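Hi,

Here is the structure I promised to pass on.

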Amino acid sequence: MSGPQAALPLVAALAGALWAAPGFAQSALDTTPAKQLFGAAKAPVDMKARSIGFYSKGCLAGGEMLPVNGPAWQAMRLSRNRNWGHPALVEFVERLAVKVPKVSNWPGILVGDMSQPRGGPMLTGHASHQIGLDADIWLTPMPNREFTRQEREDISATMIVRKDRLDVDPKVWTPSHVAVIKAAATDPQVERVLVNAAIKKALCRDAGNDRAWLQKVRPYWGHDYHMHVRIACQAGSPECRAQDAVVPGEGCGKDLDWWFSDAVLHPKPPPKPPVPPKPKPPMMLSDMPDACRQVLLGR
Ligand SMILES: [Zn+2]
């Protein structure tokens, strides 16, 4: 076995030793990719909650766990240990969950990745989700029963986008999907909801007369099984860097044309360069805000 997976137990042990004996093996912190360091942190750091850095380069102090079950939610893929966030994110997910049965015929929501206990980059997937302010919500209704741990690993989310990727699959898409995405987008804490362009197109068509919330729903690659919800930097997080405001307008009609162009839907592979480019070096702790070192070390 080689690669990052093989190094994991070592890093976990090392990280455990680090937190137990501050000052030990400092150099490992500077030679190990940040995703391995943060991926090995199994518990939050006992500090006041604050988001540090940017959504795609930062970490989280005082992370809070979303309970794996609630009155209207179930957290999925528990083995990943990514059901953590800033307390405001946990509050938002809980608030959205209990709203969903009131506005749709879904009994509740299935919650995918939020953040790791101390945030930071992850070993797999996601450039963002690093500062405890992002949550993936499946576009699949929560069932009326509790999933087992194993089911939460194995069950797939529902593919919403039609095979030709020009629209949603009419056999899958329902008014409840519109209502659930609208419930997320109208929450005052939410700054952006990312969905596939075909889903955005369907929302534009089905939104009816109340349309202001469409501005926050932005098209993005992937996101054909889940929506990505991002809340704002919170008070008490001076090092949290806000993202640019969403551009004005609903973002419907012509604004979506580019996403359905041939170049985007059927991209040609780029010509092979004569010399293969060097792989991008992984993000290191030294690339991250200074305070993330304290988050990792717990002091
Ligand atoms: Zn996401």
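Let's start in the loop between β7 and β8, which is the place of His129. (Helices, H or I with at least four residues, and strands, E with at least two, are DSSP runs numbered from the N terminus.) Before going on, note that this is a predicted model: local features need pLDDT of at least 70, side-chain atom pairs count only at pLDDT 80 or more, and totals for chains, interfaces and linings use all residues. Residues are numbered from 1 along each chain as its sequence is written.

Back to His129: its phi is positive, about 65°, although it is not a glycine. His129 is also buried, with 28 other C-beta atoms within 10 Å. (Buried means 20 or more other C-beta atoms within 10 Å of the residue's own, exposed means 12 or fewer, and partly exposed is in between; C-beta atoms are placed from the backbone.) His223, in the loop between β10 and β11, has a positive phi of about 50° and is not a glycine either. His223 is buried, with 22 other C-beta atoms within 10 Å.

Now the sheet. It is open, with seven strands in the order β4-β5-β7-β8-β11-β9-β10 and mixed pairing. (Two strands pair if DSSP finds at least two bridges between them.) At the edges are β4 (69–70) and β10 (217–219), each of which pairs on one side only. Further in, β9 (190–195) and β11 (226–231) are antiparallel partners over four bridges, and Val190 has Ile231 of β11 as its bridge partner.

(Contact means C-beta atoms, placed from the backbone, within 7 Å; axes are lines fitted to C-alpha atoms, for helices over the stretch in contact, and angles run from 0 to 180 degrees between N-to-C directions.) Seven of the 10 residues of α7 are buried, among them Ile199, Lys200, Lys201 and Leu203. Their cover includes α6, β9 and β10. After α7 comes Gly208, with a positive phi near 80°.

Helix α4 (87–103) has 17 residues and reaches 24 Å from first C-alpha to last, close to the 24 Å expected at 1.5 Å a residue. (The expected span is 1.5 Å times one less than the number of residues.) α4 lies across β4, β5, β7, β8 and β11, running at about 155° to β7. Its buried residues include Leu89, Phe92, Leu96 and Val100.

How do α4 and α6 cross? The axes of α4 and α6 (175–185) come within 9 Å and cross at roughly 140°. That makes α4 oblique to α6. (Under 35 degrees counts as roughly parallel, over 145 as roughly antiparallel, 65 to 115 as roughly perpendicular, and the rest as oblique.) The contact is made by Leu96, Lys99, Val100 and Val103 of α4 with Ala179, Val180, Ala183 and Ala184 of α6.

Last, have a look at β1 (50–54) and β2 (57–61), which pair in the antiparallel sense over five bridges. A hairpin of two residues joins β1 to β2, and the bridge partner of Gly53 is Gly58 in β2. Four of the five residues of β1 are buried, so β1 is largely enclosed by the rest of the structure.

Cheers

Notes
Two residues are in contact if their C-beta atoms, placed from the backbone, lie within 7 Å.
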